[in-house]
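Trainee: Could you take one part of this structure and go through it closely? I would like to see how a single place is described from its surroundings.

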Amino acid sequence: MTADFTEWLRQSDVFGHLEPDALAALHAQLVWFSLPGGRPLFKRGEPGNAMYLLVSGALGTFDGPTELTRLVSAGESVGEVGLISGEVRQGTVRALRDSELLRLDRAAFEQLVSDFPHAMLGAARVAIARLQQRLRGDEDPGAPRTFAMLPVDPGVPARTLAMQLAMALEPYGSCLVIDGEHGTGKGSDWFAEREAQAQFVIYLDTQGDRLWRQRCLRQADVLLLPALAAQTARPWPEVTPLHPSHAGHRPRHLILLHPGRQPSLGSAHRWRAQFSGELQHHHVGHQADIERLARRVSGNGRGLVLAGGGARGLAHLGALKAFAEAGMSFDAVGGTSIGAIIGAGVAAGWDVDTMTETFRRAFVEGRPLSDWTLPLVALTRGRRAALTLRQAFGALDIEDLNLPFFCITTCLSGDGMVAQRHGPLWLWLRASSAIPGVLPPVLHHGRVYIDGALMDNLPTDVMAADGMAHVTAVDIRAEISLLTNAEEYATPPWWRLLSRRGGIQRPGLVSTLVRAAMVNSEESSERRRERADLLVTPPLEHIGMLDWKDWQRAVEAGYEATVKQLER
């Protein structure tokens, strides 16, 4: 190996503790090589006969064809577990972009340990940490550092967007923007040096030069794909399944630029139709959107999760008021049942006063559960509830919302819990709140959907899986146990029920159905509460699940509980 990596090795977690003579012996055994982006370093099931140190570039550890479990950045190692334990590779590792590595074979490692026994310490420490992460199932994919901004055509103001994004990234680390004028013709060492100088690097194409775009692709951890939302949708050649860039399975972010603050209806659906596979999209119309984009792509996103709970869920409005007064904002929203409905208002960009008035009219005055019917399917027809949601949200699709949004539904056709992220907003909100027996299920494309509270009433796990660094959750945790002073195994005659003599307390039909819909998710909800970085649980025992007339008390309870929690 002709290059001198001694100083670099002193900074590594694996071998930085070695004395100069041991470092010199190690340096003589290392083999330098380059690995083009998209190429595998090793595959699952292969023998673990070497470990690797990443000098520059990025590697991804994959569990299966596409699931990225760990992002390996420059300065980190990979393969040390197999080298020490002798077990076969447990995952596949690929170069996410052009990378330079140092290889240490098993025989060379064993000789090093024989001559310098303490050389085992660093590798063993890293290997044990990797094994513990694997056993806990909490391997962190890591935060991306390099981005390729590839506009769909030269007419997109990509340079302006890149500069604004670079400024928005500065709170999380320094950022460089490298375009074709500065980067064309440079070697991998030049790019490695620039990436070592800054926390983030944006590789920018403004002219559509094919060779430079390929270089941007090879250097990037993440693809940023800006387009003018109002233009006719068309595909990017770089994201087609047959293109070499597809092999890395890197995160892709579609950035839709709008002239105003509100996204144009249907634009996200049109542009997303040009892609296959996983894709995140972002509506950008003003500075706050760029700041949100910076947090999302750099792994610093903040998510809001709102739980279901009937009329008690109006406490979310009070919590949102307290969050707004504290200057808190969120980059994504998710929820279940009434939490999904109110969360959709947040994602749509409504202020607290607008939401309060809209949902007061919808649930207090509108009485969406008042269209009682012969209970062949449910106690209500569901038409009034659907009309209420359509009046509130109109023709919005989930993709049209300002913020990324999901709502939880339960599919009785075999899918179980489903996080709905696309399609008519009112329809999936109606499904997410379809209490079994009270509201009829939503029947859609051959499947049956009901209330998401049966499976996941506080979906902090879904929000965390979306890569949010910080999750705020408001849980409707009031005691909803049904109590009685009766000793019965059969329902008395109707005339005795109506007389209510003797002070007998029996659970009503609606109360029983509502309680039954939530009991199954309570045990798992405790684990999901623990996943929240900030958890608010308003005291709501004094408000019934369907007591919409007590909406003001619910709002006040949510506000007071949130203020107290933020003060702590």
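Mentor: What follows is a close look at one residue, then at the nonpolar cores and a pocket. Keep in mind that the model is predicted.

Take Thr409, which sits in strand β17, residues 405–411. Its relative accessible area is 0%, so Thr409 counts as buried, the cut-off being under 20%. The side chain of Thr409 makes a polar contact with the side chain of Gln420, at 3.1 Å. Leaving aside residues up to four places away in sequence, Thr409 touches Gln420 and others, including Trp428, Ala431, Tyr449 and Ile450.

In soluble globular proteins, nonpolar side chains tend to be buried together. Here the largest nonpolar core has 67 residues, and Phe323, Phe405, Leu425 and Leu429 have the most contacts inside it. Helix α13, residues 338–347, gives the most to this core, with 7 residues. Leu425 touches Phe405, and among its other contacts beyond four places in sequence are Ala344, Phe393 and Leu401. A second, separate core of 47 residues includes Leu169, Ala233, Leu256 and Leu257.

Last, the second largest pocket, which holds about 560 Å³ of space. Of its 22 lining residues, Ser329, Val346, Gly349, Trp350 and Leu403 lie nearest the centre. Helices α11 (287–297), α12 (315–325) and α14 (352–365) each supply at least two residues of this lining, and α11 has the largest share, with 4 residues. By type, the lining divides into 11 nonpolar, 5 polar and 6 charged residues.

Terms used: Residues are numbered from 1 along each chain as its sequence is written. This is a predicted model: local features need pLDDT of at least 70, side-chain atom pairs count only at pLDDT 80 or more; totals for chains, interfaces and linings use all residues. Side-chain values use heavy atoms; hydrogens and water are left out. A nonpolar core is a set of buried Ala, Val, Leu, Ile, Met, Phe, Trp, Tyr and Cys residues joined through side-chain atoms within 4.5 Å. Buried means under 20% relative accessible area, exposed over 50%, partly exposed in between (1.4 Å probe, protein chains only). Contact means heavy atoms within 4.5 Å. A polar contact is a pair of N or O atoms within 3.5 Å; within protein, one must be able to donate a hydrogen and the other to accept it, and residues adjacent in sequence count only if both atoms are side-chain atoms. On a 1 Å grid over the protein atoms alone, a cavity is a set of points where a 1.4 Å probe fits but cannot get out, and a pocket is an open set with protein on both sides within 12 Å along at least five of seven lines; lining residues have an atom within 4 Å of a point. Grid points are joined across faces, edges and corners, and a volume is the space filled by probe spheres set on the points. Ala, Val, Leu, Ile, Met, Phe, Trp, Tyr, Cys and Pro count as nonpolar, Asp, Glu, Lys and Arg as charged, and the others, Gly among them, as polar.
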